[in-house]
Each structure stands twice: as structure tokens, then as C-alpha cells.
Amino acid sequence: QVQLVESGGGLAQAGDSLRLSCAASGLTFSMYAMAWFRQAPGKEREFVAAIVRSGMNTYYADSVKGRSSISRDNAKNTVYLQMNSLKPEDTAVYYCAADFRSYSGGYSRDQREYDYWGQGTQVTVSS
């Protein structure tokens, strides 16, 4: 059975950095584009960042561009999200998601495209 397990969330102050990890099992990790989404209280879940199967291309929401970096290690079946210069508006539950891709490129910002989801990790940023 497929499992995506996030870790690395927690409490931070504005300006701090956090590194989220998502360990995948039960799937051929290198066949999936991976993404991070987040959901703040009272808001809909939104796209944060994505990385294609090979890791060669990455994509970001405007709200985190320049402050965040998504990466993956296909040997470890793990995807990461490095977040720097955290802001209170980054407070949310962060989810990783896997999207099967039959070709090496491509990704989606639409959460409906994603096949598997983790349980989420809370990030809280105080001012």
C-alpha cells in the first residue's frame, strides 16, 4: 500500500527556515511527479511547489517563489521542501502528493491530478 509520510513541520518565528520531508513507500517513486500543497485555517488547499520525475524542473507558487526550494532524492524515495524567510502567512498544514507520470516531464498545479496524499504536517509561523 502506498504511503506518503511528511515530517519536519513545527513552530517557527518569522524569518526562520524549515525543511519538510516526505518519505514515500509502496510506489515506484521515480515514476511520480511530486508536489507540496498547503491548507491554512479557513482556506482551501493550495499548490506550493512541484518537481518532475527526474528532479530537473521545479515549479512554485508566486507566494513562495524565491523563498522555497523543492528537491527530491529518488534513491531515498523522498521529496523535500526547504522554506526560508518564513512568514506568518505560511502557517498551514503542508501535504505532499504524488502524481503518476508516464513520461519524464510534466507536473500539475491541480490537486485533482494527484493520486496519493500524505497526512500532512503542521507549520506555524509566529510574528
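Which residue meets Asp 110 in a salt bridge? The partner is Arg 112, with N to O at 2.8 Å.

This is a predicted model, in which local features need pLDDT of at least 70, side-chain atom pairs count only at pLDDT 80 or more, and totals for chains, interfaces and linings use all residues. Residues are numbered from 1 along each chain as its sequence is written, and side-chain values use heavy atoms, with hydrogens and water left out.

**View 1. Asp 110 and Arg 112 form a salt bridge.** A salt bridge here is a side-chain nitrogen of Lys or Arg within 4 Å of a carboxyl oxygen of Asp or Glu. Arg 112 is exposed, with a relative accessible area of 73%. Asp 110 counts as partly exposed, at 25%. The cut-offs are these: buried is under 20% relative accessible area, exposed is over 50%, and partly exposed lies in between (1.4 Å probe, protein chains only).

View 2. Arg 101 meets Asp 99 at 2.9 Å, N to O. Asp 99 is buried, with a relative accessible area of 3%. Arg 101 also counts as buried, at 12%. Asp 62 and Lys 65 meet at 3.3 Å, N to O. Asp 62 counts as exposed, at 66% relative accessibility. Arg 38, Glu 46, Arg 67 and Asp 90 are linked in a network of salt bridges.

**View 3. Four strands build an open sheet in the order β1-β3-β8-β7.** Strands are DSSP runs of E, at least two residues long, and helices are runs of H or I, at least four residues long; both are numbered from the N terminus. The pairing in this sheet is antiparallel. Two strands pair if DSSP finds at least two bridges between them. β1 (3-7) and β7 (68-73) stand at the edges. Each has a single partner strand, so one side of each is left without a neighbour in the sheet. Neighbouring strands are turned by 15° against each other on average, direction ignored. The axes behind this angle are lines fitted to C-alpha atoms, for helices over the stretch in contact, and angles run from 0 to 180 degrees between N-to-C directions.

**View 4. β7 pairs with β8 over 6 bridges.** β8 covers residues 78-83, and the pairing is antiparallel. Find Ser 69 first: its bridge partner in β8 is Gln 82. Then find Arg 72, which stands opposite Val 79 in β8. In a regular strand, side chains alternate between the two faces of the sheet. The covered face of β7 holds Ser 68, Ile 70 and Arg 72. Its uncovered face holds Ser 69, Ser 71 and Asp 73.

**View 5. Asn 77 and Ser 85 take positive phi values.** Asn 77 is found in the loop between β7 and β8. The hairpin of these strands has 4 residues between them. Phi of Asn 77 is near 55°, a positive value in a residue other than glycine. Asn 77 is partly exposed, with a relative accessible area of 24%. Ser 85 lies in the loop between β8 and β9. Phi of Ser 85 is near 45°. Ser 85 is partly exposed too, at 42%.

**View 6. The largest nonpolar core has 35 residues.** A nonpolar core is a set of buried Ala, Val, Leu, Ile, Met, Phe, Trp, Tyr and Cys residues joined through side-chain atoms within 4.5 Å. Met 34, Trp 36, Ile 70, Val 79, Leu 81, Met 83 and Tyr 94 touch the most other members. The elements giving two or more residues to this core are β3 (18-25), β4 (32-39), β5 (46-51), β8, β9 (92-100) and β11. Leu 81 has contacts (heavy atoms within 4.5 Å) with residues including Leu 20, Trp 36, Val 48, Ile 70 and Tyr 94.

**View 7. Thr 121 is buried in its setting.** Thr 121 is found in strand β11 (residues 121-126). Its relative accessible area is 10%. The side chain of Thr 121 reaches the backbone nitrogen of Gly 9 at 3.3 Å. Among the residues that Thr 121 touches are Glu 6, Gly 8, Leu 20, Ala 92 and Tyr 94. Residues up to four places away in sequence are not counted here.

Technical notes:
A polar contact is a pair of N or O atoms within 3.5 Å; within protein, one must be able to donate a hydrogen and the other to accept it, and residues adjacent in sequence count only if both atoms are side-chain atoms.
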